Amino acid sequence: MSEKSIVLVGFMGSGKSLTSKKLAETLGWDMVSTDELIVKREGRAIADIFKDSGESYFRKIEKDIVFEVSQQSGIIVDCGGGVVLDSENMANLKKNGTIFYLSASPEYIYQNIKDQTHRPLLRVDDPQAKIAELLGARQSYYARADVIIDANKPIDQIAEEILRILENE
Ligand code: S3P
C-alpha cells in the first residue's frame, strides 16, 4: 500500500472521525483532526470561534491547518465538513494524500447527530432541513474527492472498503 495520507472528507456526522480512528488503529498510523488542531491552536471551542470571531475567521485558521497537515504523508486526516469548500485546501490535500468522500444521506446524518449540540452550523430550529440544504449546496464540492464511499453503513465496513481500495491500487 502506498504511503500517501488517507484524507476523509464529508458532511458533519457522516462518520469521518470514527472511521479515521478505525483506520489509524488498523494501520498503526497517526491520525489528525483538523477540528481538533484548530481548537488546540485557538484555545477555544469551535462554537466559540464561530460566535466570537465569525465563520470566515474559522475558515482562515482551518486553511492554515489544512496546509500544514498536507505537508505530511502516511497519516490519516479527519477533515472538518467544510474543508472541501476551498479549492486550495483540496489541491493541497491531494498532493500527499488520497481524498475519500464519505457520502451519507441527510436522514442517516440526522440520526447520527441529532443528540449532539456542539456544531454551530446545525444549532438551528430545524436541523434536518439545514442538513438537506447544506448537503445539496456542497454536493459538487464533495464530488471533487478522489474516491466516493457510500457511508450509510457501519464504521467497520467503511474502513474495510477504504483499505480494500488502497490495497488494489
Ligand atoms: C463544519 C463542520 C465541523 C466543523 C465546523 C464546520 C462544516 O466539522 O469544522 O463546525 O462547515 O461542515 P465536522 O464535520 O467534523 O463536524
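**Exercise 1.** How far from an oxygen atom of the ligand does a polar side-chain atom of Arg 119 lie?

*Solution.* This is a predicted model, in which local features need pLDDT of at least 70, side-chain atom pairs count only at pLDDT 80 or more, and totals for chains, interfaces and linings use all residues. Residues are numbered from 1 along each chain as its sequence is written, and side-chain values use heavy atoms, without hydrogens and water.

Step 1: for Arg 119 the distance is 2.6 Å. Step 2: for a polar side-chain atom of Lys 16, the distance to a ligand oxygen is 2.5 Å. Step 3: an N or O atom in the side chain of Arg 138 is 2.7 Å from an oxygen atom of the ligand.

**Exercise 2.** State which residues Leu 23 is in contact with (heavy atoms within 4.5 Å), leaving aside neighbours within four places in sequence.

*Solution.* Step 1: the contacts of Leu 23 include Ile 6, Leu 8 and Gly 28. Step 2: Ile 76, Ala 159, Ile 162 and Leu 163 are also in contact with Leu 23.

Key:
A polar contact is a pair of N or O atoms within 3.5 Å; within protein, one must be able to donate a hydrogen and the other to accept it, and residues adjacent in sequence count only if both atoms are side-chain atoms.
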